[in-house]
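The sequence and the structure come before my entries.

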Amino acid sequence: MSARKIAGELSVSFRYTPGVGNTAFFEALRDRGVFLGSRCDHCGVTYVPARVFCERCLAELGADVECGPDGELLSWTVARVDVDEEPLDRPVTYGLVRLDGADTAMLHRLLDVEGEPTIGMRVRSVLADRREGSIFDLDGFAPAGS
Ligand SMILES: [Zn+2]
């Protein structure tokens, strides 16, 4: 029997639930404006956002470490189309940032960048004026000192 391709569209709606670890992260970001992570003492790895188990050794973790608010730019890219491949009004620059004290990285907008960002540059977190417990409580990362 060979595979067949059937043309068509399938509408799927879903709801993302953040889980225990990410809920603690988003509540801390909303209520205190801090980035909550989880440290695995066995592996010596600090995860941000917080999570309930270590991805390496599966140890149970708590949301018990504050990281950032500054960090280091590990990589970046520029988006010119949205997820539906529609052109954006303006390109958006995204950065992969490792917050101070963390071993993992977060992807978010890079703000106030003139020209090409520099890998390794120091960045600071820019929080939203009104926070509601989502990733948009963080406006993005801007060059430290800007
Ligand atoms: Zn571990």
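Entry one. I noted at the start that I am reading a predicted model. I looked up the largest pocket, and about 380 Å³ of space lies in it. Its lining draws two or more residues from each of strand 4 (70-81), strand 5 (87-99) and strand 6 (106-109), and the largest share, 5 residues, comes from strand 5. Among the lining residues I found Val78, Arg80, Tyr94, His108 and Phe136. By kind, the lining of the largest pocket divides into 7 nonpolar, 2 polar and 3 charged residues.

Entry two. I turned to the second largest pocket, where about 210 Å³ of space lies. Tyr16, Pro18, Asn22 and Phe26 are among the residues that line it, and the lining divides into 6 nonpolar, 3 polar and no charged residues.

Which residues have the most contacts inside the largest nonpolar core? This core has 16 residues, and the ones I was asking about are Phe25, Phe35, Val48, Leu99, Met106, Val123 and Phe141. Helix 1 (19-32), strand 5 and strand 8 (138-143) each supply at least two of the core residues, with helix 1 giving the most, 3 residues.

I followed Met106, which touches Phe25, Phe35, Val48 and Leu99, among others, when residues up to four places away in sequence are not counted. A second, separate core has 5 residues, including Val45, Tyr47, Cys54 and Leu61.

Key. Residues are numbered from 1 along each chain as its sequence is written. This is a predicted model: local features need pLDDT of at least 70, side-chain atom pairs count only at pLDDT 80 or more; totals for chains, interfaces and linings use all residues. Side-chain values use heavy atoms; hydrogens and water are left out. On a 1 Å grid over the protein atoms alone, a cavity is a set of points where a 1.4 Å probe fits but cannot get out, and a pocket is an open set with protein on both sides within 12 Å along at least five of seven lines; lining residues have an atom within 4 Å of a point. Grid points are joined across faces, edges and corners, and a volume is the space filled by probe spheres set on the points. Helices (H or I, at least four residues) and strands (E, at least two) are DSSP runs, numbered from the N terminus. Ala, Val, Leu, Ile, Met, Phe, Trp, Tyr, Cys and Pro count as nonpolar, Asp, Glu, Lys and Arg as charged, and the others, Gly among them, as polar. A nonpolar core is a set of buried Ala, Val, Leu, Ile, Met, Phe, Trp, Tyr and Cys residues joined through side-chain atoms within 4.5 Å. Buried means under 20% relative accessible area, exposed over 50%, partly exposed in between (1.4 Å probe, protein chains only). Contact means heavy atoms within 4.5 Å.
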